[in-house]
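This report describes how the parts of one protein chain pack together. Look at the sequence and the model below before reading on.

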Amino acid sequence: MTRCCAVSTASPRLPTDDEIPKTFASSIEAASENTGFFYIRTHEIPEELIQNSLSQAKTFLNQPLSQKMKIDFSASKVSAGYHGVGSTQVNHKETRDLNETSSMRYDPRIDPICTDPKSALEQEGKSRDDGQYIWKGTSHLPKFQEVTVSFWQSRLALVRIFALALGEREDYFDGVTNHPGADALYIHYPRVSDVAADSYIDVGIGSHTDIQCFTLLWQENSGGLQGTLVVNIGDFLQRLSYNKFKSTVHRVYNCQPDSRYSMPFFFGLNPEPVCKVVPSCVDDEHSPLYEPISCGEWHSVRLARSRVRNGGE
């Protein structure tokens with residue numbers, strides 16, 4: 001089975017069914033090369049599902065701390081669960097991050113196309129089976145698991161368009177995305193007034209680039225862009241494209257008088273295969289810039305850097 005991405009487009013002459021992916025891919029290629037981010041409006045994720053997910057995010061993150069700590073990330077095999085305000089620092093030249101999050105990692109048992117969940121949970125001799133850790137700790141929240149899983153599943157399909165945008169066959173990434181790195185977060189950025197005046201916390205998320213291949217982001221209060229998803233190119237896709245696609249530095253401040261919420265989804269390749277630069281991005285004049293590395297190793301190293309060091313430094 002393969003992941004499919006249904007898209008819509010408009011032009012002076014309506015494209016044929018075969019032309020639609022290529023037309024869309026050309027637009028993505030241009031945006032990925034020039035800015036490294038773009039917006040998708042016709043993403044086909046139901047607005048009701050998005051709003052239900054936002055409601056679940058607020059319900060969980062507005063609980064007392066004792067309830068949120070039932071899924072403390074430090075007790076998870078895969079570092080999934082709750083991170084409190086100031087527990088991460090993605091840029092160690094800036095302050096700790098003024099946000100709290102609830103995260104889930106890829107689970108092959110809920111991936112509609114994964115045909116061998118047991119093998120996918122065993123990577124390089126290590127089990128990534130977190131049991132029902134997150135869902136047990138949130139079982140008191142009606143429909144939290146159902147809605148969160150549905151929203152996660154709805155965002156698994158975009159990678160085939162990036163293959164076309166890189167000049168490869170649509171199925172180029174299929175063999176390395178049958179149990180991909182796919183992490184989903186609910187993020188709460190508190191009001192600045194909710195943080196103690198002497199707290200060493202300032203920025204919502206410090207200046208950074210995203211780790212994996214790409215990020216799909218829904219964010220609250222997005223001005224005139226309601227109903228859209230923001231797509232960011234990540235560092236691993238920049239590596240694979242010989243820097244053709246740009247992974248852009250960005251950061252978050254909550255300058256609003258109220259709390260703010262966002263729901264990002266980070267997509268990477270299967271964790272274990274060692275990946276080289278995409279063939280269409282190298283030639284006799286452009287040899288690969290980076291040593292081959294697995295997406296899983298890349299993700300683990302980068303994620304570890306973002307955690308606050310002992311002593312909060």
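## A loop residue and its surroundings

Ile 211 lies in the loop that joins strand E7 (205-208) to strand E8 (214-219). Helices (H or I, at least four residues) and strands (E, at least two) are DSSP runs, numbered from the N terminus. The model is predicted: local features need pLDDT of at least 70 and side-chain atom pairs count only at pLDDT 80 or more, while totals for chains, interfaces and linings use all residues. Residues are numbered from 1 along each chain as its sequence is written, and side-chain values use heavy atoms, with hydrogens and water left out.

With a relative accessibility of 17%, Ile 211 counts as buried. Buried means under 20% relative accessible area, exposed means over 50%, and partly exposed is in between (1.4 Å probe, protein chains only). Leaving aside neighbours within four places in sequence, Ile 211 is in contact (heavy atoms within 4.5 Å) with Asp 235, Phe 236, Trp 298, His 299, Arg 302 and Leu 303. Its C-alpha atom is 9.0 Å from that of Leu 237, a residue 26 positions away along the chain.

Phe 236 is one of these partners. Not counting residues up to four places away in sequence, Phe 236 touches Ile 211, Gln 212, Cys 213, Leu 269, Cys 275, Ile 293, Ser 294, Cys 295 and Trp 298. A nonpolar core is a set of buried Ala, Val, Leu, Ile, Met, Phe, Trp, Tyr and Cys residues joined through side-chain atoms within 4.5 Å. The largest such core has 69 residues, and Phe 162 and Phe 236 touch the most other members. Another core, of six residues, lies apart from it and includes Leu 185, Ile 187, Ile 205 and Val 252.

Ile 28 belongs to helix H1 (residues 19-34). Not counting residues up to four places away in sequence, Ile 28 touches Phe 38, Ile 161, Phe 162 and Ala 165. The C-alpha atoms of Ile 28 and Leu 166 are 9.5 Å apart, although 138 residues separate them along the chain.

Lys 77 is in the loop between helix H3 (65-68) and strand E2 (81-83). Not counting residues up to four places away in sequence, Lys 77 touches Ser 127, Asp 129 and Asp 130. Its side chain reaches the backbone oxygen of Asp 129 at 3.4 Å.

Thr 177 is in the loop between helix H7 (159-165) and strand E6 (182-189). The side chain of Thr 177 reaches the backbone oxygen of Phe 173 at 2.9 Å.

| Residue | Relative accessibility | Class |
|---|---|---|
| Ile 28 | 2% | buried |
| Lys 77 | 59% | exposed |
| Thr 177 | 3% | buried |

## Aromatic rings

Rings of Phe, Tyr and Trp (its six-membered ring) pair if their centres lie within 6.5 Å; planes under 30 degrees apart count as stacked, over 60 as edge-to-face and the rest as tilted. A search of the whole structure finds 10 aromatic pairs. One of them joins Phe 60 and Phe 144, a tilted pair with 5.9 Å between centres and 40° between planes. This pair links distant parts of the chain, with Phe 60 in helix H2 (residues 47-61) and Phe 144 in helix H6 (residues 144-153), 84 residues apart. Both Phe 60 and Phe 144 are buried.

Why is the pair of Trp 135 and Phe 144 tilted? The ring centres of Trp 135 and Phe 144 are 6.3 Å apart and the planes are at 55°, so this pair is tilted. Trp 135 is buried too, at 11% relative accessible area.

Ring pairs also link Phe 38, Phe 162, Phe 214, Phe 265 and Phe 267 into a cluster.

A charge sits over a ring if NZ of Lys or CZ of Arg is within 6 Å of the ring centre and within 35 degrees of the ring normal. Arg 155 lies over the face of Phe 151, 3.7 Å from the ring centre. The charged end of Arg 239 sits over the ring of Trp 298, at 4.8 Å from its centre.

## Helix H6 and the whole chain

In H6, the residues Phe 144, Val 147, Thr 148, Val 149, Phe 151 and Trp 152 are buried. The buried residues of H6 pack against H2, strand E3 (100-104), helix H5 (133-137), E6 and strand E11 (260-267).

The protein chain has nine helices and 13 strands. Of its 313 residues, 52% are buried. Among contacts with a separation of 6 or more, 76% are between residues 24 or more positions apart.

How values were computed:
Polar contact = N/O pair within 3.5 Å; in protein donor to acceptor, adjacent residues only side chain to side chain.
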